[in-house]
Amino acid sequence: MLGLNKKDTSLFLIVVALTVFAPFILNPFPVGSDLAQFNAGYPDLMQRFLIFGIFAIGFNILFGLTGYLSFGHAAFLGVGSYAGVWMMKLLTMNVVPAILVSVVVAGLFSLLVGWISLRRSGIYFSILTLAFAQMSFALAYSVLTPITGGETGLQLSLSDPRVFGVSATPQGSIPLTNFFGLEMRDSAELALGGWLFTFNAGYYLCAVLMLAAFYVAIRIFRSPFGMMLKAVKSNQQRMQYTGLNPKPYTLAAFVISGMYAGLAGGLMVSMDPLAGAERMFWTASGEVVLMTILGGAGTLIGPVLGAGFIKYMENIVSKINEGILHTWFGFLPDGLEDFVVAVFYPFVGKGWHLTLGIMFMLVVIFLPGGIVEGGQRIARLFRRRPARAHERSVGAPSSSAAE
Amino acid sequence: MDAIILQVLNGLDKGSAYALIALGLTLIFGTLGVVNFAHGALFMLGAFCAVTLSRLLAISHETADPTRTDFLGNPLKVQTPYVEEWFGPEIGGTIVEWSVPLGILFAIPIMIAVGLAMERGLIRYFYKRPHADQILVTFGLAIVLQEVIKYFFGANPIPTPAPPALVGSLDFGVMIGFDPGSIIYPYWRLIYFVFAAILIAAVFAFLQFTTFGMVVRAGMADRETVGLLGIDIDKRFTIMFAIAAVVAGLAGVMYAPINSPNYHMGMDFLVLSFVVVVVGGMGSLGGAVLAGFLLGVLESFASMPQVTNVVPGINQIVIYLVAIIILLTRPRGLLGRKGVME
Amino acid sequence: MGILEVKNVNKSFGGLKALREVNLDVAEGSVHAIIGPNGAGKSTLLNTLIAKLTPDTGSVTFDGRPLIGMTPHQINQIGVARVFQTPEIFGELSLLENVMIPAFARRDGAFGLHAWNQVVAERDIRDRAMSLLADLKLDGKAHVEAQHLSRGDKRRLELAMCLVQEPKLLLLDEPTAGMSRADTNRTIELLKEIAKRGITMVVIEHDMHVVFSLAQKISVLAQGAIIAEDLPENIKGNPKVQEAYLGGAHL
């Protein structure tokens, strides 16, 4: 289907199904129940899953395929979101031009940064991208304040021209972002028994774009171009003596991943029209690296899983407070309860970053292939047992690896 | 002229910190071949050693001061640090005031322990892994360390003053024939610079004049050959890691009065120190020190109003800009050797 | 006039003169061996041919075009392929992909943004790669990651990667180093086959058995200079060559 092989088609269809039905899947607990805090099926969070999914998918095209570790990708997301807000200030609140311009501007910026940074490889490349991102961050905070809004961030205002729209609604407020009239904030709610499901217009716009981005990534992975990118990672010397020029390949991957970041930035401001410099800070770049690694760099589905996992954990873990911990461990004797709560307390709520850092280390140490590799290991564990039984009864089949 | 000298002096203290951190980074990279993103956290830990010691020394209990009375005529209750009780108010008071310099003694064993624990417990498993993995795992460790500090010390900067005797400024201008007050330089910053210079000299002397240092330098140049000589190079490299940790830690201890320590100061310095290492030349100790001071001074010049009026915002980006230019024109950095990380 | 001409090439590293006034004239369709004791400058010479090193003076022309100043991929694109002393392959990719990549490079040039085509749809490339793997008896392992191959198989894979490009000139740096006698003989047969297809070959080799089975012409390099260039049968009796090889014990 769509020019994909059978395996990729089923993977794509699974992702489509998960995305479409996410409002159900992510809301497994009835409203008001103790476990409702683990629900993730509300628009704001679901949008973030998809937006960071796009960001990580794009980052993976660069890092997963070519092995070039960029530590400055958040800059492209930041630039994209500034461009998006400007479109809304100048042109219209329709998100289409905002998103398009975000992608183009981020693409151009990444072309510039990539063209310079890719003259070096390895750690030098990482430092160069980091330097560019930090420069962008510092400039956005200081000199470029007229364009970026400085510390307060870039916001819409009632005095914006909005040539193809209105500066203010008849009620005197700032108009809302929309897709040809469909407001991103619009939601339909469905109450079934104790459950409440929300279907948000903005979420489904993100979903369509994320699925498109995912599809494009699959095509790239399976194309001769993707093969060349893997060759860049594997052996650049051989590549050159094979008559291939690694530079333009790597630069193309860099720009594509920069455009993905721009798309993520554009979508971010389409959902919530506000852009701030902190989105470009290097820890934000570190976060997308973490998502990709955690999910599984170089795999198709890994970055999506990683982004979802981290955004979910961030949201849930940082909401847990001491009171919640006490209700959880309330069944324990008092002294023990206090002790257990004290042990867990540093890791939840404001301590989310501590949990994140520990997860980061554990993954890099024990599971360099991320969640996908973990899943494969578990799957192999289950598959091996029946396979052995089979071997015994039929006699050893030839063990040539027929993957 | 006096303005230029003032900027040079202003750049020296920050440059000293860059140089010390970059020196440790280079030592670790040159010996162990590891890109340590947690090195900034060691600097931060050092600063918090100073904070911890000043808090420990200030632990006090309530005593009655018979010489003074409260409004009811009872002896006034005051908080007296134990230290003052043990050593008498005179010496004890001085000890409390001098907590930052004393922090050096306090920090050395702690930093050695942290360094050894880090190397033996984590880093050594990453010698053979790709640089990307090393960056990522130490990045994770840096997050963990700073979050732990944030948990115990809070998110706000903690003012940690220098000893009162060393607060105040030197009228440097008068000493070299300018108008009084033209070049005012705080004593502590001068001390920091001198301290950093001594520390750097000590590290270089150690590497240059001891057998241990000679082996380490040989190992930096060609690890395998040294290994073939039957020398246990790994053990020495572990010790070098601890030394690098101590250097970063002491840089942090002494920096506490200049900038009140906060949990993310390590990360702030780390990014810049990496840039410094790259500018100096990966694996070149002299380059790291030189680039540290150069960039510190350069940053200070770039923040002069005369400069920022012409090129606004240049002070924010000058270091990165220089790094980009150097990397593109001299890929091996200022003093980099051939064959390191290419 | 040969297909590859090296004229008065000099190259020094610091004070060491690695190549002095080297001249080489390789006839089209021939197998030309370069022999010489260790450190004679054989690999240096080969590296100047593929732009891995730039000679200090002198010229290298291939097919009438000067090679000096070209980048490695440009040199390959005009028809020069190289097998390295330690096999340079794409370790993490399958054998099939290893051979398809050079095939793409031959068809599409140094860079092509084929991000929308599917590799599986590129039947012709795939078939050619497969048949070449079959020629080299590697087709059974087409989907194995190349890094898991034995050293001998890696060398054959690298050869396949060069052959799929149908180069005009094939440079081989000790193609049988570290191989067993049987493997060496098999490689000799293979190289003879390739020579029959009219591909010009320049071979650096220590093993005289290989050299004399293959070469139509031999150049002897000693201390960076060509001391003899002749037909194989004449080389054996050349006193200069015997001297270079310490009394000629090897010959």
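User: What makes chain C a chain of domain 1 and domain 2?

Analyst: In this predicted model, chain C is divided into domain 1 (1-79 + 167-251) and domain 2 (87-165), with bounds that come from an automatic or database domain assignment. Their centres, taken over C-alpha atoms, are separated by 26 Å. Residues are numbered from 1 along each chain as its sequence is written, and chains are lettered from A in the order in which they are written. Local features need pLDDT of at least 70 and side-chain atom pairs count only at pLDDT 80 or more, while totals for chains, interfaces and linings use all residues.

User: How do you know that domain 1 of chain C is in contact with domain 2 of chain C?

Analyst: Two residues are in contact if their C-beta atoms, placed from the backbone, lie within 7 Å. Nine residues of domain 1 of chain C are in contact with eight residues of domain 2 of chain C. On the domain 1 side, α2 (72-77) and α6 (181-196) of chain C each supply at least two residues; helices here are DSSP runs (H or I, at least four residues), numbered from the N terminus. That side divides into five nonpolar, three polar and one charged residue. Ala, Val, Leu, Ile, Met, Phe, Trp, Tyr, Cys and Pro count as nonpolar, Asp, Glu, Lys and Arg as charged, and the others, Gly among them, as polar.

User: Which residues of α2(B) and α11(B) meet, and of what class are they?

Analyst: Among them, His39(B), Phe43(B) and Met44(B) lie in α2(B), and Met265(B), Phe269(B) and Leu270(B) in α11(B). By class, the contact has eight nonpolar, four polar and no charged residues.

User: What makes up the side of chain A that touches chain B?

Analyst: 34 residues of chain A are in contact with 31 residues of chain B. α6 (122-141), α12 (282-295) and α16 (352-366) of chain A each give two or more residues, and α6(A) gives the most, with 12 residues.
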